[in-house]
Structures are given as structure tokens and as C-alpha cells.
Amino acid sequence: MQTTYFVSHAGQTYGPWTVVEVTSRIAKMELIATDYIYDESSAAWIPLMECKAVIEALRSHKPAAPPPKSAAPTAEPTIDLVVQTATITPITQNTTEDDSGLETDGSGEWFVQKDSHRYGPFTYQGLVKALQEKSVFDYDLVWKQGMEKWIRLAEHDLFNAEAIRKLQAEAKGVFQQRKHKRLAIKTDVIVHDNKSVWLGQTYQGSEGGSGMHVRNATLMPGQILFLHFTGFDGIPSFNALCEVVCKKYVPNIRDPRSTVPYGMKFVKLDRNVQEAMRDFFGRKAV
């Protein structure tokens with residue numbers, strides 16, 4: 001009978017831990033339901049919440065009484081691999097609308113759930129601004145009065161790409177303009193964190209960063225990575241220190257090796273690469 005376990009969280013492996021240690025870390029939110037645990041009986045990694053020993057241990061701590069009623073439904077547990085570990089600075093209460101999009105005069109109606117924290121109320125326009133500023137992400141949960149349950153922002157019709165473009169066109173001057181022009185660029189990328197290596201491919205680029213698909217569904221905004229880009233259109237191969245600034249929500253992912261779209265911002269580039277990129281995008285933008 002297996003007594004200790006290895007757990008995969010955010011692309012890293014931990015353990016060996018006992019079931020008590022695993023459930024204790026779940027309670028502290030150091031582990032989440034979408035992490036993976038190694039099952040010796042099947043010689044495979046399985047979702048944490050499919051491990052019988054973990055489920056039985058958690059059931060032994062099941063509360064006896066139902067939770068109190070609330071105006072807003074509790075965010076439902078998710079089984080998607082896209083985890084919610086990115087955070088935003090807690091928003092303090094104000095009496096007037098500010099740049100955060102938070103309102104306390106009754107006009108705000110949207111709430112956002114990130115892990116066990118809830119933020120709001122936001123106005124619709126304020127929440128779109130928060131998306132653009134990357135203080136919330138399209139895989140975060142959203143709810144307002146009248147909705148039956150919390151859903152991903154990406155799954156709500158008012159927050160899809162077409163709806164946001166329409167709002168930005170109608171509210172000119174309210175939303176930030178992109179600092180760098182983006183162009184469609186397709187080139188191979190090697191991504192690593194000094195421990196593991198993943199393959200990727202860009203689909204767009206700019207002087208400030210790149211959009212790319214990476215064969216790793218566990219990367220999160222705020223993570224710093226090392227990237228090696230193969231050359232394109234006269235720019236030779238180069239290395240870059242990058243920060244993950246956004247992550248597209250992809251539903252029903254089970255395999256941590258699945259391909260997910262990310263936005264990467266250049267943190268550090270060699271000067272000659274910066275000059276070559278500036279020249280390239282300057283010519284292409286004309």
C-alpha cells in the first residue's frame with residue numbers, strides 16, 4: 001500500500017509526503033485540486049482529486065452543518081488545469097469611482113474571485129480596464145446579480161474579444177493604447193526555468209514582447225523565464241529574459257503538457273538585439 005506521494009504543482013515536483021502532509025497543504029492552499037499526484041498502482045500521474053487516499057482523508061474532515069446563505073453564490077470548484085495563483089492588490093473601499101474601476105455608490109455590479117479572495121464591485125468598463133491592465137485575467141471567475149453561478153471571464157459574452165473591441169471603440173480615450181505595434185510572427189521558441197524545458201512557437205511579436213503557444217499549461221502571470229528565439233526575417237537567433245504577463249483561458253485541459261497561449265514581456269535583451277528589433281518593427285510598421 002502506497003504511504004507516501006509525490007505531487008506536481010506549478011511545473012515542479014515535491015515530496016515524498018504522507019497523505020496527512022498532502023491534505024494539510026491543500027488546507028493551506030499550497031496545493032490545489034488541479035495539481036497532480038503520482039499513483040504507484042497505475043504508475044501514472046493523476047489529478048489530486050482522483051486520488052482515493054486524499055479523497056478519503058478530506059471526507060473525514062467534512063463539516064457537519066451546511067454553509068450560511070449568501071447573496072453571491074460560492075465559486076464552484078474547478079477541474080480545469082488552468083490554476084488561479086495570480087493575485088492582485090486588494091482594493092480598498094472608496095466613496096467615489098477611481099482608476100481601479102471599483103465603485104461603492106451602487107453603480108458597480110461585477111465581482112471577481114481569485115483563489116479564496118473576492119474583489120468588487122466593479123463597473124463593466126472598470127472590469128474591462130482591469131483585464132487590459134492585467135490585474136485580472138480571463139481565467140478568473142466573475143459573477144453579478146442575476147447569474148446562477150460564477151463563470152470564467154472568458155466564458156461570458158460581455159468579455160469576449162468582439163465585445164471588448166466594441167467597448168473600446170465606443171469609449172475612445174478611456175482605455176490604454178498599446179505601447180508597441182504588434183505584428184504576426186511565427187518562429188520557434190525554447191522556454192526554460194533552469195529546471196525544465198518546454199517548446200513553443202510565437203504567433204505575434206513586438207519590440208516589447210511576444211505572444212506564443214507553449215507546451216506547458218502550468219505557467220502563470222508574474223513568472224520569470226528564459227527564452228531562446230530562433231531567427232526570423234533577418235533577425236538572428238537570440239536569448240531573452242521574459243515575464244509571463246497574460247495567459248489565455250483554455251477549457252477542459254487535463255494534461256500539464258497541453259499547449260496554451262501566453263503573452264511574454266521582454267525583461268532583458270542584449271543591446272544589439274534591442275536595436276535590431278527596433279529597426280525591424282520600425283520598418284514593418286510603416
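**A close look at Thr230**

Author: Happy to! Leaving aside residues up to four places away in sequence, Thr230 touches Thr187, Asp188 and Ser237, where a contact means heavy atoms within 4.5 Å. Before going on, please note that this is a predicted model, in which local features need pLDDT of at least 70 and side-chain atom pairs count only at pLDDT 80 or more, while totals for chains, interfaces and linings use all residues. Residues are numbered from 1 along each chain as its sequence is written, and side-chain values use heavy atoms, with hydrogens and water left out.

Back to our residue. The side chains of Thr230 and Thr187 are joined by a polar contact of 2.5 Å; that term stands for a pair of N or O atoms within 3.5 Å, and within protein one must be able to donate a hydrogen and the other to accept it, with residues adjacent in sequence counting only if both atoms are side-chain atoms. Ile190 is 40 residues away from Thr230 in sequence, yet their C-alpha atoms are 8.6 Å apart in space. Thr230 counts as partly exposed because its relative accessibility is 29% (buried is under 20% relative accessible area, exposed over 50%, partly exposed in between, with a 1.4 Å probe and protein chains only).

Thr230 sits in the loop between strand E12 (224-229) and strand E13 (238-247). Helices (H or I, at least four residues) and strands (E, at least two) are DSSP runs, numbered from the N terminus. The loop between E12 and E13 also holds Asp233, which has a positive phi of about 45° although it is not a glycine. With a relative accessible area of 55%, Asp233 is exposed.

Ala43, in the loop between strand E3 (36-39) and strand E4 (44-47), is not a glycine either, and has a positive phi of about 55°. Its relative accessibility is 52%, so Ala43 counts as exposed. Most residues other than glycine have a negative phi, and most peptide bonds are trans. The bond from Gly15 to Pro16, however, is cis, with omega near 5°; Pro16 belongs to strand E2 (residues 12-17).

Now for a sheet. Four strands form an open one in the order E6-E5-E7-E8, with antiparallel pairing. Strand E6 (117-122) and strand E8 (151-152) are at its edges with a single partner strand each, so one side of each has no neighbour in the sheet. Strand E5 (residues 110-114) and E6 pair over 4 bridges, and two strands pair if DSSP finds at least two bridges between them. Lys114 stands opposite His117 in E6.

The structure holds 2 cavities of 30 Å³ or more; on a 1 Å grid over the protein atoms alone, a cavity is a set of points where a 1.4 Å probe fits but cannot get out, and lining residues have an atom within 4 Å of a point. The second largest cavity has about 60 Å³ of space, a volume being the space filled by probe spheres set on the points, which are joined across faces, edges and corners. Its lining has 13 residues, of which Gly205, Ser210, Phe229, Phe232 and Met277 lie nearest the centre. E10 gives the most to this lining, with 3 residues.

How values were computed: On a 1 Å grid over the protein atoms alone, a cavity is a set of points where a 1.4 Å probe fits but cannot get out, and a pocket is an open set with protein on both sides within 12 Å along at least five of seven lines; lining residues have an atom within 4 Å of a point.
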